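Here is a short briefing on a predicted model. Start with the rings and the charges over them, then step back to the whole chain.

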Amino acid sequence: MKRFLLAPLLILTACGTPQEQCIGAATRDMRVVDRLISETEANIARGYGYEEVTVFVPEWVDCTPRPTAANPAPPRQMCFEDVPQTTRKAVALDLNAEAAKLKSLKAKRAQQAKAAEAAIRQCKAQYPE
């Protein structure tokens, strides 16, 4: 199953000009920090956060044995199998700690943007469009 999910991602990764790929690689960490900033701002605005919780729920599944030469038509069998389900659960947050985290993330973002400027200029020089 993972192979089927990975194939479109690889195809999309191959898209884009060499310059776009170079700039994307140089700014990857900034995009992660941007996502964390957005998430922290939303937590502060809501007043609470979310935590992902995975629980295993039993489900009836078909577990009929595969046909073999000795048993070409095995009888159908059903059995319980634990299937993971991920849900979001609201959690209380220390809003002062979230505000401090946001301030720290914004400072890190500014630092990364300054460091990425040189890399972006290098990408544009190396791969002009």
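Arg 88 lies over the face of Tyr 50, 3.8 Å from the ring centre. A charge sits over a ring if NZ of Lys or CZ of Arg is within 6 Å of the ring centre and within 35 degrees of the ring normal. The model is predicted: local features need pLDDT of at least 70, side-chain atom pairs count only at pLDDT 80 or more, and totals for chains, interfaces and linings use all residues. Residues are numbered from 1 along each chain as its sequence is written, and side-chain values use heavy atoms, without hydrogens or water.

**Rings and charges**
- The charged end of Arg 46 sits over the ring of Tyr 48, 5.4 Å from its centre.
- Tyr 48 and Tyr 50 pair edge-to-face (ring centres within 6.5 Å, planes over 60 degrees apart), at 5.7 Å centre to centre and 85° between the planes.

**Gln 112**
- Gln 112 lies in helix H4, residues 95-126; helices are DSSP runs of H or I, at least four residues, numbered from the N terminus.
- Its relative accessibility is 15%, so Gln 112 counts as buried (under 20%).
- Beyond four places in sequence, Gln 112 touches Asp 29, Met 30 and Val 33 (heavy atoms within 4.5 Å).

**Whole protein**
- Buried residues make up 14% of the 129 residues.
- Elements run α-α-α-β-β-α from the N terminus, with strands being DSSP runs of E, at least two residues.

How values were computed
Buried means under 20% relative accessible area, exposed over 50%, partly exposed in between (1.4 Å probe, protein chains only). Rings of Phe, Tyr and Trp (its six-membered ring) pair if their centres lie within 6.5 Å; planes under 30 degrees apart count as stacked, over 60 as edge-to-face and the rest as tilted.
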